[in-house]
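Subject: Structure handover

Hello,

Here is the structure for you to look over. My notes follow it.

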Amino acid sequence: MRIIDLRSDTMTQPTDAMRQAMATAKVGDDVFGEDPTINRLEEMAAERLGKEAALYVTSGTMGNLVSLMAHCGRGDEIILGSQAHTFRAEQGGSAALAGIHPWTIPNQPDGTLALEDIKFAIRGDDIHFPRTRLIILENTHNGCNGCPLDADYMKAVREIANRHKLKIHVDGARFFNAAVALGADPNKLAAEADSVSFCLSKGLAAPVGSVICGTQDFIANARRARKVVGGGMRQAGILAAAGIVALNEMVDRLAEDHANAKKLAMGLAQIPGISIDPNQIHTNIIFFEVNREDMTQQEFVQQIDAAGVRMLPLGPKKIRAVTHYHITSEDIDQALDVISKVMK
Ligand code: TLP
């Protein structure tokens, strides 16, 4: 039975071109700055995002943590969405490991933070308060249907940040999904952010790694932070080689994943007992609800799993499906067929 694995785009396997590049990669000791393949990947990433410099890290979680450590000191405060991955799903690492205090405000359904909420959360100069240092945005927003945040919104947040001398970090685990969905130049989309982290190992299908981009000074600090959390990786060019292929070959095709997600959402909307608004789906992530008295979301997920379709139950009613490189349009037909039968 062919397994249609829609649990996450982290399930993607490296392409043949990546395996080839990995097998022949020139490597060196990256802690000494001597891995030519990592250096090349970092140059490419910085150029793509229009930033001075970049740093290869093990994961999205490490990318966010070392970015926060580079921007903030102990006791500083960050403003971020209550649905932000950094807040929800990274073990509170910023507080646990770096002494950084989070102030969460609600995410709007489109993944943005309301500008008024941001302004309200910025602390005045008072001996009782932590110092507000950083605003964190997520693009695309995983927990908000994979919504992309556009350049106009970024400009509006930048104005607030400038007024209060704050920095902006973008958790861009799926930053290229946002750029492709918006038809935006990644350079322009990143322009208002002080730092952006993006993942190579999600929709871009590399086996390991994320990259953070920003100024030379920021990257120098992030490099120190990466070392202290054990992220100095030596001959990791063997992994970065796949990242280079990911950036060269896997970005434009994300549009296919978005089309498949839309098709899945439109099909699901036709199935009685399932709630979803396909108009809210812009990239490769969809959330829907199963509204059946006689079936929990766990049971739904188990039943479709038995028929070869995998999705993630998240929250009391919500189920998440993510399209990616290994999911074809025919797979979506098959998944819809399985779900229709389970819901009968
Ligand atoms: N998200 C994963 C896991 O949480 C399950 C997923 O399947 O969506 N930022 C965002 C927006 C993310 O979605 C993720 C991973 C991360 C950061 C962390 O990346 P990794 O897993 O590489 O540490």
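**The ligand site**

The space that the ligand takes up is the largest pocket. Please keep in mind that this is a predicted model.

The shell around the ligand holds 14 residues, and those that come nearest are S8, T61, H85, N142 and D171. By type, the shell has 7 polar residues, 6 charged and 1 nonpolar. Helix 3, which covers residues 60-71, gives the most to this shell, with 3 residues.

- S8: an N or O atom of the side chain is 2.6 Å from an oxygen atom of the ligand.
- N142: a polar side-chain atom lies 2.8 Å from an oxygen atom of the ligand.
- D171: an N or O atom of the side chain is 2.7 Å from a nitrogen atom of the ligand.

How much of the ligand does the protein bury? On its own the ligand exposes 510 Å², and 79% of that is buried by the protein.

Strand 12 pairs with strand 13 (residues 318-322) in the antiparallel sense, over 2 bridges. In one of these strands, strand 13, R320 is the bridge partner of L312. As a general point, strands of a sheet pair through backbone hydrogen bonds, either parallel or antiparallel.

Best wishes

Key: Residues numbered from 1 in each chain as written. Predicted model: local features only at pLDDT ≥ 70, side-chain atom pairs only at ≥ 80, totals over all residues. Heavy atoms only, no water. Near = heavy atom within 4 Å. Polar contact = N/O pair within 3.5 Å; in protein donor to acceptor, adjacent residues only side chain to side chain. Areas by Shrake-Rupley, 256 points an atom, 1.4 Å probe, with all protein chains shown as cover. 1 Å grid on protein atoms, 1.4 Å probe; cavity = no way out; pocket = protein on both sides within 12 Å on 5 of 7 lines; lining within 4 Å. Sits in = over half its atoms within 2 Å of the grid points. Helix = DSSP H or I, 4+ residues; strand = E, 2+ residues; numbered from the N terminus. Nonpolar A, V, L, I, M, F, W, Y, C, P; charged D, E, K, R; others polar. Pairing = 2+ DSSP bridges.
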